[in-house]
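Please look through the sequence and the model below before reading on.

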Amino acid sequence: MLNMTFTSFPVLTTERLTLRQLSESDKQDIFALRSDIHINKYLDRQPSKSLEDATNFINKVNDNIKNRTSLYWAITITGNKNIVGTICLFDFSAEDDKCEIGYELLTNYQGRGIMKEAAEKIIGYAVKTIGLKIFEAFTHKDNQSSTRLLNKLGFKKSANHDQTNKDLFVFRLAV
Ligand SMILES: CC(C)(COP(=O)(O)OP(=O)(O)OC[C@H]1O[C@@H](n2cnc3c(N)ncnc32)[C@H](O)[C@@H]1OP(=O)(O)O)[C@@H](O)C(=O)NCCC(=O)NCCS
């Protein structure tokens, strides 16, 4: 049984970061993330083409949070409201206490350990508060930075590929 009964969005903090909910005023930052060809390189998604696309995306994310179908955090450096990346949990399975995790960082903020710090906090929260026990990540076979991150977080590569896309490796963390 997963516990998603929070009344206000769970804002989380780490040594360097504040992980908070998105709002419409983040549209410029979300556009920057979702239209960047380097960030999108290994991601199977429609790039944002306009600020309107970014606003629609933010509204969809916040509806999903309301419906508890996914949780999506903006990653900020504490003291600065701008977004440097995002991290999300989705595809919850109450039967298996399982979910999928996804993440992205602006290229200028990569290589500083920010995502490891954010992901450790989110996973800790998800285990302790929501009751999740298994995390899966689907990452492209050539996505080395994501693979390094998953290894550092303790994920293990599964023998199975994604069933619909052979280029996606499945990584799993069981706590
Ligand atoms: C996947 C992604 C988030 C990884 O970003 P990243 O910056 O490499 O990951 P981290 O923030 O954890 O930083 C780790 C790097 O910072 C270095 N680092 C520097 N200072 C550090 C510190 N204080 N603490 C920890 N690591 C530090 C580490 O050595 C490591 O370098 P390495 O990769 O050369 O070993 C990033 O490549 C990305 O956004 N990619 C595009 C989106 C994507 O593909 N998402 C995957 C979805 S499945």
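## Terms and the model

Two strands are said to pair if DSSP finds at least two bridges between them. Strands themselves (E, at least two residues) and helices (H or I, at least four) are DSSP runs, numbered from the N terminus. In general, the strands of a sheet pair through backbone hydrogen bonds, either parallel or antiparallel.

This is a predicted model, in which local features need pLDDT of at least 70 and side-chain atom pairs count only at pLDDT 80 or more, while totals for chains, interfaces and linings use all residues. Residues are numbered from 1 along each chain as its sequence is written.

## The sheet

The sheet is an open one of 8 strands, in the order S1-S2-S3-S4-S5-S6-S8-S7, and its pairing is mixed. Strand S1 (12-13) and S7 stand at the edges, where each has a single partner strand, so one side of each is left without a neighbour in the sheet.

Between S2 and S3 the pairing is antiparallel, over 4 bridges, and Leu17 has Ile77 of S3 as its bridge partner. S3 is also joined to S4, again in the antiparallel sense, by 7 bridges, with Leu71 standing opposite Leu89 in S4. The hairpin of S3 and S4 has 5 residues between the strands, and in this hairpin Gly79 takes a positive phi near 100°.

## The end of the sheet with S6, S8 and S7

Strand S6 (residues 134-140) runs antiparallel to S8, to which 7 bridges join it, and Glu136 stands opposite Arg172 in S8. S7 and strand S8 (residues 168-174) are paired in the antiparallel sense as well, over 3 bridges, and Lys157 has Phe171 of S8 as its bridge partner. These two strands, S7 and S8, form a hairpin with 6 residues between them.

Is strand S7 covered, or does it lie in the open? A residue is called buried if 20 or more other C-beta atoms lie within 10 Å of its own, exposed if 12 or fewer, and partly exposed in between, the C-beta atoms being placed from the backbone. Of the 6 residues of S7 (residues 156-161), the number buried is 0, so this strand lies largely in the open.

## The helices

Helix H1 (residues 27-34) is mostly covered, since 6 of its 8 residues are buried, namely Lys27, Asp29, Ile30, Phe31, Leu33 and Arg34. The elements that cover these buried residues include helix H2 (37-40), helix H3 (51-66), strand S4 (83-93) and strand S5 (98-105), where two residues count as in contact if their C-beta atoms, placed from the backbone, lie within 7 Å.

Helix H4 (residues 114-130) packs against helix H5 (residues 144-153) at an angle of about 45°, with the two axes 10 Å apart. That makes H4 oblique to H5; angles under 35 degrees count as roughly parallel, over 145 as roughly antiparallel, 65 to 115 as roughly perpendicular and the rest as oblique. The axes are lines fitted to C-alpha atoms, for helices over the stretch in contact, and angles run from 0 to 180 degrees between N-to-C directions. The contact is made by Met115, Lys116, Ala119 and Glu120 of H4 together with Leu149, Lys152 and Leu153 of H5. H4 also lies across S1, strand S2 (17-20), strand S3 (70-77), S4, S5 and S6, and it runs at about 35° to S4.

## Single residues outside the strands and helices

Met4 is placed in the segment before S1 and is partly exposed, with 14 other C-beta atoms within 10 Å. Not counting residues up to four places away in sequence, Met4 touches Arg68 and Ile130. Arg68, in the loop between H3 and S3, has a phi near 60°, a positive value in a residue other than glycine, and with 13 C-beta neighbours inside 10 Å it counts as partly exposed.

Thr78 is found in the loop between S3 and S4 and is exposed, with 11 other C-beta atoms within 10 Å. Not counting residues up to four places away in sequence, Thr78 touches Thr13, Arg16, Leu17 and Thr18. Asp97 lies in the loop between S4 and S5 and has a positive phi of about 50° although it is not a glycine; Asp97 is partly exposed, with 18 other C-beta atoms within 10 Å.
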